[in-house]
Amino acid sequence: MISHRERHLIERVGWLRAAVLGANDGIVSTASLIVGVAAASQGRGEILVVGVAGLVAGAMSMAAGEYVSVSSQSDTERADLAREKAELETQPDFELDELAGLYETRGVEPAVARVVASQLMAKDALGAHARDELGISEITTAKPIQAALTSALTFAMGAALPLVVAILVPASAIVVAVSLASLLFLAVLGGVGARVGGAPIVKAVARVTFWGAIAMGLTAGVGAVFGVSA
């Protein structure tokens with residue numbers, strides 16, 4: 001008998017979320033900083049310093065934020081598993097009834113549900129309850145280090161794109177060039193993220209470019225106001 005393991009898109013949710021979030025934030029925040037400073041009529045040197053500082057600070061902030069938030073999720077998961085393990089040791093019959101009841105609510109006949117629950121608990125009681133009662137599985141388990149590294153790396157990569165554009169174009173064209181290029185980068189990112197995650201591409205592209213345009217427009221306005229008043 002030939003067997004195979006199907007790979008589903010949901011298996012990518014952990015690193016994909018962190019990657020898309022990191023790259024999106026890198027592009028939007030760094031491009032907004034560059035556009036805002038450039039709109040204030042600052043020189044190329046000041047613009048590039050702000051851009052590099054934003055890249056470094058943003059990458060570290062993303063790594064720290066992801067690590068702390070995902071670690072909190074991981075702590076909660078471990079606490080729930082410890083509680084479940086204790087309950088399995090002290091009241092196994094109740095836990096068996098509970099698991100069988102879960103299967104019954106999903107449409108399994110009571111007798112069959114109890115047999116299934118008994119067999120699953122005989123093999124891996126904690127695993128069965130973690131998966132079917134708590135919703136914790138290998139796919140959804142929090143991975144703080146993976147999330148932190150992915151976010152930091154993708155933020156830096158995203159932030160580097162508008163920074164490179166600012167280096168290459170004339171100082172007088174930085175606002176327009178960085179804005180347009182960043183919207184293009186965001187559109188590509190949205191399309192790739194949607195493609196990898198199996199989501200609608202047009203909707204994803206529209207979403208990221210809309211909010212990116214809003215962010216850059218607001219910072220350009222702030223830069224222009226303070227630049228004029230200075």
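Start by selecting Ile34, Ile47, Val165, Ile174 and Val178: of the 21 residues in the largest nonpolar core, these touch the most other members. A nonpolar core here is a set of buried Ala, Val, Leu, Ile, Met, Phe, Trp, Tyr and Cys residues joined through side-chain atoms within 4.5 Å. Next, colour α1 (13–39), α2 (44–90), α5 (144–168), α6 (174–197) and α7 (201–229), each of which supplies at least two residues of this core. Helices are DSSP runs (H or I, at least four residues), numbered from the N terminus.

This is a predicted model, in which local features need pLDDT of at least 70 and side-chain atom pairs count only at pLDDT 80 or more, while totals for chains, interfaces and linings use all residues. Residues are numbered from 1 along each chain as its sequence is written, and side-chain values use heavy atoms, with hydrogens and water left out.

Then select Ala113, Ala117, Met121 and Ala125, which are among the ten residues of a second, separate core.

Now show α2 with α5. Their axes (lines fitted to C-alpha atoms, for helices over the stretch in contact, with angles from 0 to 180 degrees between N-to-C directions) lie 8 Å apart, at an angle of about 165°. α2 is therefore roughly antiparallel to α5, a term for angles over 145 degrees.

Finish at Gly190, in helix α6. Gly190 is buried, with a relative accessible area of 7%; buried means under 20% (1.4 Å probe, protein chains only). Lys203 is 13 residues from Gly190 in sequence, and their C-alpha atoms are 8.6 Å apart. Beyond its neighbours within four places in sequence, Gly190 is in contact (heavy atoms within 4.5 Å) with Ala204, Val205 and Val208.

Terms used. Buried < 20%, exposed > 50% of the residue type's maximum accessible area, 1.4 Å probe, protein only. Parallel < 35°, antiparallel > 145°, perpendicular 65-115°, else oblique.
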